[in-house]
Structure formats: C-alpha cells, structure tokens
Amino acid sequence: TLGETAATSADFDRVVARAQATLADATLKQSAKDDRDAKLVADMNAKRAHRELVAERDDLASRRGNIPAVLHRARLALAEAAGLNEKDVPFVGELIEVRTEHEAWREAFNLALGGFATTVLLDTAHLARFRQAIDSVPSDVRVRFEGVPVDLSSTSALDPGTLPGRLEFAASPFDGWLRERLAEQFAFVCVDQASHLSQYAKALTRTGQMSAGARGAHGGHGRANVLGFTNTRHLADLDRRIEAARDRLRQASEAFRGAELGLTAVEEQTAAARIVTGLTWGDVDVMAARADVARWDDVISQAREASPQLDELRDHADALDTQIDALNGDLGVTRQQAIDLHACWERVSDDVDAAQGIIDAADDRGDLLTAAQQDYLDAVLNDDPAAVTPDQQPASPDGSDSSDGNGSSDGDPAAASVAGPATETLSPDERLAVFDAAMSRASGRLRHDRESAHLAVDSGMGSLQTIFTGFVARWPDPNLGTDPDASYRDFERILDALESERLHQLEAQWRRSLLRMSGADLTELEATISRSLREITERIDPINQILATLPFADDGHRLRIDASRVQSTVVARFRKDLRDLRALLQTDASDEEREQRYARMARLVDRIRPGSPDRADLIDVRRHVRLSAEKVDLDGNHVALYDHIGEKSGGESQELVAFIVGAALRYQLGDAGADRPRYAPVFLDEALIKADAQFSGRAIGAWRGLGFQLVVGAPNDKVSALEPHVDASYVVVKDAAGRSRAKAVVGVPDDLTTAA
C-alpha cells in the first residue's frame, strides 16, 4: 500500500543518511587504525618483556648465584681469554649468603657491600697473566677484579651482631681472605634504630643507612639482589614475574585482536555505506522481491504437499552436512595427532634405548636397588610427601632388594607402583596418561631432591671447612688440615676424645667461672672509673687550699682550679651498661641466657681493648673531666676565667704559668695535703725573665707557697727582677781553659746600707 511504501521509503532515507554520515566521518577509520597500532605496540612490548624474562630465567637456571647476566657473561669472556674457568674467577656475591634468620637484612647488606659484592676474585698467581690476556678483550660493562692470596686461614672472630657475622661462606680457596676483608672493612654493627648509629665506629640499620664516624650513606633501595651461592629464591621470583608477564601478554594479544576486528568492521561499514549511497529508492524494488518470495513459498508448499518425505530428506541432508563438517574437522585433528604421535614415538623410542642402555650398564656392574632406595622410589612415584630419603634404611646383607608389595622386584617397579589395582579398570590410553603424570611428578620430585641434596652437601662441606678452619686457627696443629674430606676422620677422633674426657662439661663450668671473673673485672672497672673521678676532685681540693693563701695578680685576688664532669652520651651509656651487666651477673641464668650475657660482656670488652677507637674516650678518666683556672676575689666571687693566655702580657702570662705549673706538680706528686711536697727542688731555666719585679715576686711566692725550692737560671741582664726575691745568687764564670764554676755574689748587708 501507499502507507507501507511511504514508511519503507522513510526507512531507506534514514539508512542513506547514516551511510552518508559514516562516509563523512573522516576520523572513524583513522581512530580505529590508531587504536589497532597502539594495541599492536602494547602486544609487541608484552612479547618482548615475556621473552626477556624467560631468557633471564633460562640463563639463571643454567648457573648458580644471583649476579646479573651481563656481568656473568663479561666474566666468562675474561676468564676464557685468560685460560681460566668460572670457578677460578668468582664474584664476591657468589661466595656469601645471608643467613636464614637474618633474611630481613638482605637489602641492607646489598647496599652496604655495594661494588665489593660484584668484584671478581682471582689467585694472585694468575693476576699478571690475567691482566695481559684481557687487555684486548672488549666489554660493554666494566668488571672490577682483585688478585688475592688463596687458602688462607682466617683468625678474625666474626661477631654475630655485625654484617660479616650474619653471613654464610661458600667453600672456596678465597674463604679465609674474604672473611678477613669483611671483618676489616665491612664490620658494620647491625642496629635496629637510627639513634644507635652514633654509638659505634661503623653501624648499619635494617633500611640500609650506614654510618662510619661522621660520614654516612642512605638510599638506593630496590636494587637487584647479588648475594648468595644459590638462586632458588630468584628463580621462584622470576617464575612469578613470568606468569604475570604471560597474563599481560594474553590481555595485550586479545586487545590487539579486538582492535583488528574493530578496524575490519569499520572498513566493512564504510564499503556498505558507499553501496547504499549509490542507490535510490527506485533502485530498490521491494514489491517485486516480495512477490518472488511469495511465489517460491507457494512452490515449496506444493512440493511438500505432493511429497511429504521431502522434509525428512532435508533434515537428513542437514544432519549429514553437519556430520561431514565435523568429520572434516576431526580428520584434520587426527592427521595432526598422527604426526605428533609419530614424533612422540620416535622420542620415546630414543628414550627407551637410552634407558635400556643405562639398565644394561647397571646390570653389567651388578648395581641393585637397596630396600631403602626401593621404598624411596615407591613413595616418590606414589607422590607421597612423607617419602623417606634413600639413605634412611640400610641395605640387606646380600645387597638385594628385600622389599615387597609395590616394591616387588618382579617386573618394572615403577610400573608396578604406578599401575596398581586402581588402574586395572582403565583403558590403555588412560593408564598411559596416569603413568605419564606419575613419571612427570616423580621426575620433578627427583630433581628437587637432587638439588636439595647437592645444596645440603655443599652447605655441609662449607660448614665443616669453616669449623675446621676455626679450630685450627684457635688451636694450631701442623698435623691437621681443613679439607672436609681429607681431615674429617682426624677431627672425628678429636671429637671422640673430647666426648670421652667429658670436656664439654668442664667447658660449661669454665664458662660459668669466666662469666663470674669477667663480670668482677668489669665491676671493678666501673668502680675504678668512679673512684678515679672522685680522686681527681679530692686531690685538687688541697691544692686550692694552698692557692687560697697565695696572692694572684694582686693582694686582693686568688687563683682557683675547678674540675667539672664532661657530659658525654657515649661514656654515660657505657657506664650504664657496666652497671646493668654487674646487676645481671649477680642473678642465676640458664645456659642460653649465659651465652647472651657472655656475648654482651664480650661486646663491652671489645670496646676497651687496645687499638679500639673508643678505648681512650671510655676509660681515660682525664677525658671525663674538664679543668679550668678561675680568678676570684677574697670572698670567692668570680672575676675571670682563663682558658688561654694569648692576650696576656709577658709578666701576667709568666705568673699564670707559674701558678698552674706549680699546682700541677703538687697534683702529680699526689701529696697536696702535706706541708711540703715529697720532692721539693725545682730547676727553672731562663724562667721569670720577662716580668718586672712585682710579677716575678708573686710567681716566686707561688712556688714557695706550694712548698717548692727554686733554682732559677737566667742571663746576667735578666736577673734584676729576680734578685729582690731570692736568698742567694751565683754567677757562673768560665776561665781561659774553658772550665766553668759558680761564684757566690757578695752584697752589702741591709743594715750597713741604712747606716750609711
């Protein structure tokens, strides 16, 4: 009808309008292309990141340690040029590992060691040849190396409270030198709070802040770990990062495919819009199309009425088409499976031949599984987490396998263990899948156990060598070596002797006695420091009493020596530790608590040993007291404080020096409370010659007041200021022969001078 035609024409107009809008939008296709390109870049970046992580993981799995790949490859190139192998040129980081209980300090230790951890070590015997060989080898990265002596015995006791004491050391020829270097240059005390850094010559916090006297460093967090002679933790971290990268790659690939589909849709929409805009409503004969549809519908209806079986045939044909499509798909899959199975069969055949060769070789050697080994393999194949290790059970006397059940020697034990009664009802393919899964689990378990065993052996050998080296260092014996294999029996005999003599019990008694004796010594040290400080003040008081009777500067003033305590946080903390330890040692304790007390006491003793940087500040009481000279009036009121004499005149400075030196002599003689010093004569060469008679008189009076007998030597032209204050004077003359003698000076008595 006309109404339907008008409505259809209007719909066509709207379709044309949309098509024209699509063609007019120049940014539609460009936006789709930009989105596709951006998704392509993201997909390529994700693929590259995934490849790099996988490559890094493969490289790390092929070696031990956590040294970056670029440094590792550079080290290999230099070693190859010098004719050395990798073990001859290890990095420092490959020889040390953070102890498990101190894992939280790993990042701090990495920061503290810095470039030393990535330094290559080599025997000094190879150093000259190494330098000559690598000079022409180009390298993208700079490799630091150091020639060191090998097979040294370390004599340094590594404090567990310091960085070196919290490390494990791999067994290597460089072990002794490395321990000494760490103890010498990296003995950072590990402190929990930054406020404790200033208490030690070298200290380190858990966050990596370092202090070395007035210098320090902080920052650099997030660096890759380079410490450790195993990389299991690093591999696990890479596995997690690879899995995350794989997820990002999948998302990026899906986003790229979606962007490609979006671009294709835009292109199809544009092509359709061009066709629509090229048509008119007259070109679209809707009525004729509808008439054709109606005519064919009538033909189909008449055919169905004349032949009812046509519907069934059509349904059957549709079903056959569907089946054909499915079979074609299955045919392609089956062909690919056949190819894969053939390749798998070839690999399995090769594996079977190799396995049979191993079995035949074992049969030729007469190798048989022990009962313990059989039980271990059964537990591994059955995925038993509580599997025993092969060395936990002894072999039978004849060396044969005495196990039964799953460990029966009839047939293949692996097949008997895996294909048990539970798999008898399965099809061959299902049984094969079960077998493959079990073998895969068993292989993984065996690899893990083997790596764990190798790690345990290496760690045990390293620990044994460390123990043997420490024993020989403390108790030298030319008949004892430090090699774990060669010297184990010797040390075992020593251990048996010690146990038979019950030396460990005597050691416990000795340790208790040592704590008591050392604690008494530290208690005596604290008491001695306090007594010495008190004696300084007590010995100065008599000197001040003498000085109070001697005029200084004039008759209205006196000189007084004051002693004041120096306020030092370090000294106060040290003395508090001494008092706390004294109180702690007076109480009973368990063996573990005694160990802790001993370690605490050892740290205090180390701070006052000869050569310690803190020794003088802690136990030299002269540094705990500040002495000053004060000028006071007769009532004791402060007038002036003397800490230097730079601005004083010659006479004033000589007077002040005379008072202070005289007081110091009485103090050093230790008898300031006596009427006279134990040694009274004092010889002064050319002293008191720069002052007038007044200053010289007060200076001489000070010496006499302190109880000293003065003998003053002065040139002839400098004696005028001294003559009024001395009891006798002599002139030293020299005759023509060059001999000197003293000649008394005879003067006119005062009474005769007055009479005249």
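How many salt bridges does a search of the whole structure find? The search finds 26 salt bridges, a salt bridge being a side-chain nitrogen of Lys or Arg within 4 Å of a carboxyl oxygen of Asp or Glu.

This is a predicted model, in which local features need pLDDT of at least 70 and side-chain atom pairs count only at pLDDT 80 or more, while totals for chains, interfaces and linings use all residues. Residues are numbered from 1 along each chain as its sequence is written, and side-chain values use heavy atoms, with hydrogens and water left out.

**Figure 1. The chain as a whole.** The chain has 20 helices and 15 strands. Helices (H or I, at least four residues) and strands (E, at least two) are DSSP runs, numbered from the N terminus. Of the 756 residues in the chain, 29% are buried. Buried means under 20% relative accessible area, exposed means over 50%, and partly exposed lies in between (1.4 Å probe, protein chains only). The chain exposes about 47,400 Å², and carbon and sulfur atoms supply 54% of that area. Accessible areas come from the Shrake-Rupley method with a 1.4 Å probe; for residues, only the protein chains shown count as cover. Among contacts in the chain with a separation of 6 or more, 67% are between residues 24 or more positions apart; contact means heavy atoms within 4.5 Å.

Figure 2. D292 forms a salt bridge with R295, and their closest N and O atoms are 3.9 Å apart. Both residues lie in helix α8 (residues 286–306), where they are 3 residues apart, about one turn of the helix. D292 counts as partly exposed because its relative accessibility is 39%. R295 also counts as partly exposed, at 44% relative accessibility.

Figure 3. Helix α12 (residues 428–474) holds both D449 and R445, which are 4 residues apart, about one turn of the helix. D449 has a relative accessible area of 22%, so this residue is partly exposed. R445 is partly exposed at 22% relative accessibility.

**Figure 4. The R560 and D562 pair.** R560 forms a salt bridge with D562, with 3.6 Å between the closest N and O atoms. R560 is partly exposed, with a relative accessible area of 28%. For D562 the relative accessible area is 28%, so D562 is partly exposed.

**Figure 5. Two surface patches.** Patches are made of residues with over 30% relative accessible area and no salt bridge; like charges are joined within 9 Å, and nonpolar side chains (Val, Leu, Ile, Met, Phe, Trp, Tyr) within 5 Å. E312, D315, D318, D321 and D325 gather in a surface patch of negative charge. Lys and Arg count as positive and Asp and Glu as negative, while His and the chain ends are not counted. The place of a charge is taken as NZ of Lys, CZ of Arg, CG of Asp or CD of Glu. D315 is in helix α9 (residues 309–365), and D315 counts as exposed because its relative accessibility is 53%. The nonpolar patch is made by V657, V661 and L665 and covers about 190 Å². L665 lies in helix α18 (residues 650–669) and is partly exposed at 31% relative accessibility.

**Figure 6. Helix α4 and the residue after it.** Of the 8 residues of helix α4 (residues 106–113), 7 are buried, so the helix is largely enclosed by the rest of the structure. The buried residues are R106, A108, F109, N110, L111, A112 and L113. G114 follows α4 and has a positive phi, near 55°.

**Figure 7. T162 in a loop.** T162 is in the loop between β3 (144–148) and β4 (167–169). With a relative accessible area of 10%, T162 is buried. Apart from neighbours within four places in sequence, T162 is in contact with A187, F188, V189 and C190.

**Figure 8. A201 and its contacts.** A201 is in the loop between β5 (189–191) and β6 (202–205). The relative accessible area of A201 is 40%, so A201 is partly exposed. A201 and G213 are 12 residues apart along the chain, and their C-alpha atoms are separated by 5.5 Å. Not counting residues up to four places away in sequence, A201 touches S211, A212, G213 and P613.
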